[in-house]
Amino acid sequence: MRATGLIRAQAAALRSATNGARLSCRQSTLIRARCASTAALRPASAAIVQTPGAKLWSARRWQSGAAAAVLDAAQQDPSQLTQDAIVENLDPAEWDRLQRVRNIGIAAHIDSGKTTATERVLFYTGRIKEIHEVRGKDAVGAKMDSMDLEREKGITIQSAATFCDWVKKNDKGEEEKYHFNLIDTPGHIDFTIEVERALRVLDGAVMILCAVSGVQSQTMTVDRQMKRYNVPRISFINKMDRMGANPFKAVEQINQKLKIAAAAIQVPIGSEDNFQGVVDLIRMKAIYNDGPRGEIIRETDEIPADLVDVCKQRRGMLIESLADVDEEIADIFLEGEEPSKEQLKAAIRRATINLKFTPVLMGSALADKSVQPMLDAVVDYLPNPAQVENMALDKKRKEAPVKLVSYNSLPFTGLAFKLEESNYGQLTYIRVYQGSLKKGMNVYNARTDKRVKIPKIVRMHSNDMEEVQEIGAGEICAVFGVDCASGDTFTDGKLEYTMSSMFVPEAVISLSIQPKHTKDGGNFSKAMSRFQREDPTFRVHVDSESQQTIISGMGELHLDIYVERMRREYKVEVITGQPQVAYRETLTEKVNFDHTLKKQTGGAGDYARVIGHMEPTGSFGDNTFEQHVVGGTISEKYLFACEKGFMDSCAKGPLLGHKILGTSMHLVDGATHMTDSSEHAFRMATQQAFRKAFREARPQVLEPVMKTTITAPNEFQGNIVGLLNKRNSTINDTEIGPDDFTIYADCSLQSMFGFSTQLRAATQGKGEFSMEFSHYSAAPPQLQRELIANYEKAQAEKKK
């Protein structure tokens, strides 16, 4: 005990001697109390030993003592432990590393220029030596679109991770190097899980908008995802060289449609074909890109004369917007003073990290203009890993919430957020939240409680990789040879933490699938297993009624891509078709039955007589069996057999062979034979009586009805109502907003196949829809006759 006390005394005294001034102003009460409790044991002078070795020993003890105190606070009362207190207690060398790290994602609507912008970022940071376009004439394709399918279709299918170093000049003109972990995400709603899991582990994002289209439907989806995971964002209005570019309309739409305060921190110099550069409203400088690929930045104090008034007006609007979300700027604004550029930058950073504001930059990635100022803005306004709050659940304390602290010296905690199959086996992407991950280290999977050894750690650069020995807190890496699922938490075994996984949306579309050739069954199963592990929105099940393998996903494009990948990567040709819809059967009238089963084949025969009636229950719910037999005409053991016969009959109806709903059977009387009656005989008799009575009770086929929600811009309302009317849908409600409208309708599942393609065509790709099962209702008479005729024909062919 005494030795521990001395170490703590040394730690507290050394801290007060070396970092006292910096820490005392904002340090949390809890940490200060813990360290102060041991400081009284020894005078401060006794703790500072003059030998170099002792100094190093004391410094290390100080680090572990402060880190242990922060960890304790993070576990006991995470709400009281501020990010500022965490930063204040960081080892200075560790803070120097962390403050230069940015984990960012690039997210936007389809074809807003995410991959093109990422390609420029990699070129300007020196990560790649030449630029290739997404649909370039050289047919090489963008670096981040590493899959052949991505290059052919010109779309991003999988989010791709990379890292790069950006050298930024500070206010004194000195160069500072920053490390970016960058993830480029898809834009299509079909691949929304890729955006979901990228934003789950990132500290900040760049939201790209088109200067012509502004905020679009998928921009809103991305905005919802950013808000779900509390991800701060800066906005970049791309395609400033396009005809009809209007960046200020886009800024207005961010304010109105996304409900987040936004203001331009740049003004474009020219637009469309004449777009030349931007004016920085904070420093009031004009920025131009020179050189064949815009790699040379030229800054000048001379703002074009026709923009001076616009710049003053926009700067005023920026200060007003900041005054609404930041107290310091509000005070300056109310006093009628002009904030300095340092105050403006600090306020933008505070408001952005607190999710109250997004600064808007502009440029054209394809024309190589104004991409570098966007990278400077990432450094200036997006948080480093130590400034973002990340929570976990402590399994030892009934899943009480705990805060994760980005110190290397603390026990390791990381999240596997993405799996990929590579030439060397499964590649697992891990975000390290706390502690550090070393090659050869043993980690525990919180979900399975299994111990795994980390054989190899790499940093990914799209599909290339670079091996490293250790990854610190706040970084993103990939590891080989770790068997896990997407969303698993890993710890070093000292802490039993588990992190909440990402949100997985429900699948909206299904297809039946089977291999064309029987010999491909093994590869088909491997592909299905791998795709399910990699993508939580891709689901596979075998329909118990039709015995078809059904794949479900986020849209037709999503499933088409997987079918194509199966053909290319596993050499499996497959046959796809519409899955058999899960119809149901029911009766509509009350009908009496009196059925006798009599079989005599020498020896003991079969005899059973059942009397009663069948009727609808009034709702399409569970089936019921009731017995009202008096006088013991049927013994109890036979009554159980009757009930079993009824339930067996309900599992496969006489019309289509589908399940039966909403049917009730009442058994009122019967007869037995002394030797020939048996449980089997009564079960058979009930089944025969059921089939006969069911056909007489005006049976009908029920089809599943889906609750469908469709959102699209107002100008397409007529097109969508026409599409729904063609499908005999019932429109329940319509909400009309300033730009978009939402229709709530009940549609039969049978009629919704192929709907997503038609919806995209009818709304120029701007419409989106979601479906979920609502209830069963009677199918149209024509469809019922068609289905029954097809079933009877199939049954007759089987008997041949």
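Begin by selecting helix H9 (residues 192–201): its buried residues are Thr-192, Ile-193, Glu-194, Val-195, Glu-196, Arg-197, Ala-198, Leu-199, Arg-200 and Val-201. Buried here means under 20% relative accessible area, exposed means over 50%, and partly exposed lies in between, using a 1.4 Å probe and protein chains only. With 10 of the 10 residues buried, H9 is largely enclosed by the rest of the structure. Helices (H or I, at least four residues) and strands (E, at least two) are DSSP runs numbered from the N terminus.

Before you move on, note that this is a predicted model, in which local features need pLDDT of at least 70, side-chain atom pairs count only at pLDDT 80 or more, and totals for chains, interfaces and linings use all residues. Residues are numbered from 1 along each chain as its sequence is written, and side-chain values use heavy atoms, with hydrogens and water left out.

**Stop two: the nonpolar cores**

Now select Met-226, Ile-237, Ile-254 and Tyr-407, the residues with the most contacts inside the largest nonpolar core, which has 66 residues. Such a core is a set of buried Ala, Val, Leu, Ile, Met, Phe, Trp, Tyr and Cys residues joined through side-chain atoms within 4.5 Å. At least three residues of this core come from each of domain 1 (205–213 + 235–381) and domain 2 (390–499), with bounds taken from an automatic or database domain assignment. In soluble globular proteins, nonpolar side chains tend to be buried together.

Which residues does Ile-254 touch, leaving aside those up to four places away in sequence? Show Leu-209, Val-215, Ser-235, Lys-259, Ile-260, Ala-262, Thr-358 and Val-360 around Ile-254; contact means heavy atoms within 4.5 Å. Then pick out Ile-104, Leu-182, Ala-330 and Val-379, which are included in a second, separate core of 44 residues.

**Stop three: the sheet from S7 to S10**

Colour the open sheet of 4 strands ordered S7-S8-S9-S10, where the pairing is antiparallel. Two strands pair if DSSP finds at least two bridges between them. Strand S7 (266–269) and S10 stand at the edges with a single partner strand each, so one side of each is left without a neighbour in the sheet. On average, neighbouring strands of this sheet are turned by 30° against each other, direction ignored; axes are lines fitted to C-alpha atoms, for helices over the stretch in contact, and angles run from 0 to 180 degrees between N-to-C directions.

Zoom in on S7 and S8, which pair in the antiparallel sense over 4 bridges. Ile-269 has Gly-277 in S8 as its bridge partner.

**Stop four: salt bridges**

How many salt bridges does the structure hold? There are 37, each being a side-chain nitrogen of Lys or Arg within 4 Å of a carboxyl oxygen of Asp or Glu.

Start with Arg-283 and Glu-299, whose closest N and O atoms are 2.9 Å apart in their salt bridge. This pair links distant parts of the chain, 16 residues apart: Arg-283 is in the loop between strand S8 (277–280) and strand S9 (285–290), and Glu-299 is in strand S10 (residues 296–300). Arg-283 is partly exposed at 28% relative accessibility, and Glu-299 is partly exposed at 39%.

Next, select Lys-395 and Asp-449, a salt bridge with its closest N and O atoms 3.9 Å apart. Lys-395 sits in the loop between strand S12 (390–394) and strand S13 (400–404), while Asp-449 sits in the loop between strand S17 (442–445) and strand S18 (451–453), 54 residues apart. Lys-395 is partly exposed at 31%, whereas Asp-449 is exposed at 59%.

For a network of salt bridges, show Glu-94, Arg-97, Arg-459 and Glu-475 together.

Finally, select Arg-530 and Glu-569, which form a salt bridge with closest N and O atoms 2.9 Å apart. Arg-530 lies in H16 and Glu-569 in H17, so the pair ties together parts that are 39 residues apart in sequence. Arg-530 is buried at 9% relative accessible area, whereas Glu-569 is partly exposed at 36%.
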